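Colleague: Before we look at anything in detail, may I ask you to show me how the features of such a model should be read?

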Amino acid sequence: MSKKADTGKKTRIGGQALIEGIMMKGVSTGAMAVRMKDGSIDVEEWEIPDRKWYEKVPIIRGSFNFVKTLTEGYTYMTKSAEKSGMMEDDSEEEQSKFEKWLDDKLGDKLTGVIMGIAMVIAVALAVVMFLFVPSYIFTGIEYLAGDIDISGWRTVFEGVLKIAMFVGYMALVAQMKDIKRTYEYHGAEHKTITCYEQGKELTVENVRNMCRFHPRCGTSFIIITLLVSILVYMVVPITPEMFKEWLGIEKDGLAILLRVVCKLILLPLVVGISYELIKLAGRYTNICTRIISAPGLWMQRLTTREPDDSQIEIAIAAITPCLPKEGEDDSW
């Protein structure tokens, strides 16, 4: 089993696992490497524009960078699916009239439309599962508790339930064949960045020996966000009972809806604090940052897998164009 990474240099270079590929972003250059159906490696590079002021201000930058990461991730995931041939239909069966109509109207945009719809549905389900379901479950428990006042435990219960749901979901999808391959690319991405941070030559052999866990991982960010949300919502308690008392609302459903709206309003603050914590964890190595990183590093045992050499080749191909050029400082 891989040991915990103890990196030397703290680089700004980060990445994302794609469909049969990896995307990396450095200071001024981004790159995406994808394994094509013929076995070759396709590398696409692009310039990264200077960051706007709101992408630099502490707390505020967290939400903007998070949304930017999601949109860019979706874009490159779609591109990798197209380049790798995953979305190609090898079936010789005749297309239905609806399929022909979609193909005629959308053409090359069909893949993007399909993945876009899937993303919208996924976000909607996430909002329902992580905001509404825990609230309704606790409300049901309150009714069962009768005269026992357990309202003070609402925030903690919902937070713990969200974490349990997230861990369960990640453990479940990790069993899918295609997801396993994506997690292997995820491991290759981490190993390659760690190899660079340790100042070693980017070869398959050197990368293979690196740790697949890294403190600046998106998985770690999600776990930290869930934990921070518990603390924030405890400091700023928002309960359905509050709305019932203030607004004279009698229905639980409406009170829960208003509570969810308030939590969404506070979400940028939660994300902003979490972003600053993940930056600290990626920049320093001490007892405090180890504690911050611990839950995310544990979760990476589910979201990363040991890659094979061909996947490591992809990671090296993706990071190489992103390495700092002369005069550039890529310190995290």
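**Reading burial, pairing and salt bridges**

Modeller: Let us start with Arg181, which is partly exposed, its relative accessible area being 28%. Buried means under 20% relative accessible area, exposed over 50%, and partly exposed in between (1.4 Å probe, protein chains only). This is a predicted model: local features need pLDDT of at least 70 and side-chain atom pairs count only at pLDDT 80 or more, while totals for chains, interfaces and linings use all residues. Residues are numbered from 1 along each chain as its sequence is written, and side-chain values use heavy atoms, leaving out hydrogens and water.

Colleague: What share of the residues in the protein chain is buried?

Modeller: Of the 332 residues in the protein chain, 44% are buried.

Colleague: With which residue does Arg181 form a salt bridge?

Modeller: A salt bridge is a side-chain nitrogen of Lys or Arg within 4 Å of a carboxyl oxygen of Asp or Glu. For Arg181 the partner is Glu20, with 2.6 Å between the closest N and O atoms. This pair links distant parts of the chain, 161 residues apart: Arg181 belongs to helix α5, and Glu20 to the loop between β1 and β2. Glu20 is itself partly exposed, at 23% relative accessibility.

Colleague: How do strands β1 and β2 run, and how many bridges join them?

Modeller: Strands (E, at least two residues) and helices (H or I, at least four) are DSSP runs numbered from the N terminus, and two strands pair if DSSP finds at least two bridges between them. Here β1 (residues 14-18) and β2 (residues 21-25) run antiparallel and are joined by 5 bridges. Gly14 stands opposite Lys25 in β2. The two strands form a hairpin with 2 residues between them, and Glu20 in the turn has a positive phi of about 50°.

Colleague: Where is Ile179 found, and which residues does Ile179 contact beyond its neighbours within four places in sequence?

Modeller: Ile179 is found in helix α5 (residues 177-197). Contact means heavy atoms within 4.5 Å; leaving aside neighbours within four places in sequence, Ile179 is in contact with Val173 and Ala174. Its relative accessible area of 25% makes Ile179 partly exposed. Thr303 lies 124 residues from Ile179 in sequence, but the C-alpha to C-alpha separation is 9.0 Å. For the protein chain, 71% of the contacts between residues at least 6 apart in sequence join residues at least 24 apart.

Colleague: How many salt bridges does a search of the whole structure find?

Modeller: The search finds 16. One of them joins Arg259 to Glu158, the closest N and O atoms being 2.9 Å apart. Arg259 lies in helix α9 and Glu158 in helix α4 (residues 154-173), so the pair ties together parts 101 residues apart in sequence. Arg259 counts as buried at 2% relative accessibility, as does Glu158 at 1%. Both belong to a network of salt bridges that links Glu142, Arg154, Glu158, Arg259 and Lys263.

Colleague: What is the distance between the closest N and O atoms of Glu306 and Arg212?

Modeller: In that salt bridge it is 3.5 Å. The pair links distant parts of the chain, 94 residues apart: Glu306 in the loop between α10 (287-303) and α11 (309-319), and Arg212 in the loop between α6 (204-208) and α7 (218-235). Glu306 is partly exposed, with a relative accessible area of 38%, whereas Arg212 counts as buried at 12% relative accessibility.
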